[in-house]
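User: Please walk me through the strand and helix packing in the model below. Keep it brisk.

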Amino acid sequence: MIQFELTGFMVDVIKRNNVRVIGEGTRTMVLAHGFGCDQNVWRYLINAFKTRFRLVLFDYVGAGQSDLDAYNPVRYNSLDGYAKDIIEILDALNIKATVFVGHSVSSMIGLRASIMRPELFESLIFVTPSPCYINEDDYTGGISKEDLEALLDMMDSNYLGWSGTMAPLIMGNPEKPELSEELNSNFCATDPEIAREFARVTFLSDNRKDLKNVVVPSLTLQCVEDILAPVAVGHYIEKNTPGNTLYVMNASGHCPHLSAPEETVEAISAYLGIN
């Protein structure tokens, strides 16, 4: 782990988000996990990129080894609270011009952070992103408003039942049940109250109007089958985001960094122009 001389602010931020910095490269890559997960989901990308990048890993408040006492429902009642956490992590480490890799909701969190502080980002890589999960008029988000409300109600009344039901559907790849089991374990390890609030922020956010304000080049990795973020979402992002490139993967499910790590690494490497 790379060592820094820590100020009081840095200590607070690094403890809050369980920040780790590893790797040997001169460029920096930030790996931001999705809802219900923690930084361990990036293990395949860590192995692939640690000799070429300095990697910044962290857990959102409420996940992994983050500081649960740091959770503030007012700060985190929108994605901007999480975006500010990313900005504070990079400021604490005095790092700029990063390659930001965000999975699922972290794609929009990183997008919001890049709008606030574009100098912190060299490029954005969205892994199965969605600016809006709800079907609306001619927009295909993947979920009807009624179905989403039912899912959120189920989460409120029976979080463990929700996680057991949803993990296999979100992960896909039924021939690899161990991945669904891992995702379910991650859901169950997340503080339930925080998870419920984060879920509402995640699935009820609408960042479609933000797409046009992105000035950082970006890559969208969309899976050929994904119940949360269908391919139509990827085409929408590409059409409405300046400097965005869409790559539709052969992988299926919502977590290709776990189910298809080689294809994920290859797509990111090709976009960044590295071997």
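**Strands and helices**

Analyst: Strands β1 and β3 run antiparallel and are joined by four bridges. Pairing requires at least two DSSP bridges between two strands; strands are DSSP E runs of at least two residues and helices H or I runs of at least four, numbered from the N terminus. This is a predicted model, in which local features need pLDDT of at least 70 and side-chain atom pairs pLDDT 80 or more, while totals for chains, interfaces and linings use all residues. Residues are numbered from 1 along each chain as its sequence is written, and side-chain values use heavy atoms, without hydrogens and water.

User: In β3, which residue is the bridge partner of Val21?

Analyst: β1 and β3 are antiparallel neighbours. The β3 partner of Val21 is Val56.

User: Which residue in β3 stands opposite Met29?

Analyst: β2 and β3 run parallel, joined by five bridges. Opposite Met29 stands Leu55.

User: Is strand β3 largely enclosed or left open by the rest of the structure?

Analyst: Buried means under 20% relative accessible area, with a 1.4 Å probe and protein chains only. Four of the five residues of β3 (53-57) are buried, so the strand is largely enclosed.

User: Which strands stand at the edges of the sheet?

Analyst: The open sheet has seven strands in the order β1-β3-β2-β4-β5-β6-β7, with mixed pairing. An edge strand has a single partner, so one of its sides lacks a neighbour in the sheet; this applies to β1 (20-23) and β7 (244-252).

User: Which residue in β6 stands opposite Phe126?

Analyst: β5 (121-127) and β6 (218-225) pair in the parallel sense over four bridges. Phe126 faces Thr220.

User: Are α5 and α6 parallel or oblique to each other?

Analyst: Axes are lines fitted to C-alpha atoms, for helices over the stretch in contact, with angles from 0 to 180 degrees between N-to-C directions. The axes of α5 (145-157) and α6 (159-171) come within 5 Å and cross at roughly 130 degrees. Angles under 35 degrees count as roughly parallel, over 145 as roughly antiparallel, 65 to 115 as roughly perpendicular, the rest as oblique. The two helices are therefore oblique.

User: Which helices do the buried residues of α8 pack against?

Analyst: The buried residues of α8 (192-204) include Ile194, Phe198 and Phe203. Contact means heavy atoms within 4.5 Å. The buried residues pack against α3 (79-93), α4, α5 and α6.

Key. Expected span 1.5 Å × (residues − 1). Buried < 20%, exposed > 50% of the residue type's maximum accessible area, 1.4 Å probe, protein only.
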